[in-house]
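This report walks through one protein structure, part by part. Please keep the sequence and the 3D view at hand while reading.

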Amino acid sequence: MNLYLISQTVTRGYETYDSAVVAAKCEEDAAYMHPCGGSLEEHSWRYDWAEFDEVRVQLIGVAARGTAAGVICASFNAG
């Protein structure tokens, strides 16, 4: 399991996420994660994150053994 920084600059302003650190097996899995947890499809009604092809993914490390896939922490811009 790897650690990735996912970020976006398309959806900005109050009540939006700008980035998150996630644990995932690969870059594609990381890009499909929503910063509040779950997948992009589960949150398709929300306007607080970007579409899959607008998400930037950067490998930042390897997770500790036993780390489950998911969001480690997220940056939310409250209004």
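Which side chain does H34 join through a polar contact of 2.9 Å? The partner is D48: a polar contact of 2.9 Å joins the side chains of H34 and D48.

## Basis of the report

This is a predicted model, in which local features need pLDDT of at least 70 and side-chain atom pairs count only at pLDDT 80 or more, while totals for chains, interfaces and linings use all residues. Residues are numbered from 1 along each chain as its sequence is written, and side-chain values use heavy atoms, with hydrogens and water left out.

## H34 and D48

A polar contact is a pair of N or O atoms within 3.5 Å; within protein, one must be able to donate a hydrogen and the other to accept it, and residues adjacent in sequence count only if both atoms are side-chain atoms. H34 is found in the loop between α1 and β3, and D48 is found in the loop between α1 and β3 as well. Helices (H or I, at least four residues) and strands (E, at least two) are DSSP runs, numbered from the N terminus.

H34 has a relative accessible area of 2% and is therefore buried. D48, at 4% relative accessibility, also counts as buried. Buried means under 20% relative accessible area, exposed means over 50%, and partly exposed lies in between (1.4 Å probe, protein chains only). Contact means heavy atoms within 4.5 Å. Not counting residues up to four places away in sequence, H34 touches Y17, S39, L40, H43, R46, D48, W49 and V71. On the same terms, D48 touches T11, E15, T16, Y17 and H34.

## The sheet

Four strands form an open sheet in the order β3-β1-β2-β4, with antiparallel pairing. β3 and β4 (70–77) stand at the edges with a single partner strand each, so one side of each is left without a neighbour in the sheet. On average, neighbouring strands of this sheet are turned by 20° against each other, direction ignored. For such angles, axes are lines fitted to C-alpha atoms, for helices over the stretch in contact, and angles run from 0 to 180 degrees between N-to-C directions.

Two strands pair if DSSP finds at least two bridges between them. β1 and β2 run antiparallel and are joined by six bridges. Within this pairing, L5 has V21 in β2 as its bridge partner, and I6 has A20 in β2. Six bridges also join β1 to β3 (residues 56–62), and these strands run antiparallel. Here Y4 stands opposite L59 in β3.

## The nonpolar core

A nonpolar core is a set of buried Ala, Val, Leu, Ile, Met, Phe, Trp, Tyr and Cys residues joined through side-chain atoms within 4.5 Å. The largest one here has 13 residues, and those with the most contacts inside it are Y4, I6, V22, A24, A30, W49 and V55. At least two residues of this core come from each of β1 (2–7), β2 (16–24) and α1 (27–31). β2 gives the most, with four residues.

What does A24 contact, leaving aside its neighbours within four places in sequence? A24 is in contact with M1, N2, Y4, D29, A30 and M33.

## Aromatic pairs

Rings of Phe, Tyr and Trp (its six-membered ring) pair if their centres lie within 6.5 Å; planes under 30 degrees apart count as stacked, over 60 as edge-to-face and the rest as tilted. By this rule there are two aromatic pairs. In one of them, the rings of Y32 and F52 have centres 4.2 Å apart and planes at 20°, so the pair is stacked. Y32 and F52 are 20 residues apart, each in the loop between α1 and β3. Y32 counts as partly exposed at 30% relative accessibility, and F52 counts as partly exposed at 29%.

Most residues other than glycine have a negative phi. E15 has a positive phi of about 60° although it is not a glycine. E15 is placed in the loop between β1 and β2 and counts as partly exposed, at 45% relative accessibility.

G79 is found in the segment after β4. With a relative accessible area of 76%, G79 is exposed. Not counting residues up to four places away in sequence, G79 touches Y14 and E15. G79 and Y14 are 65 residues apart in sequence, and 4.6 Å apart in space, C-alpha to C-alpha.
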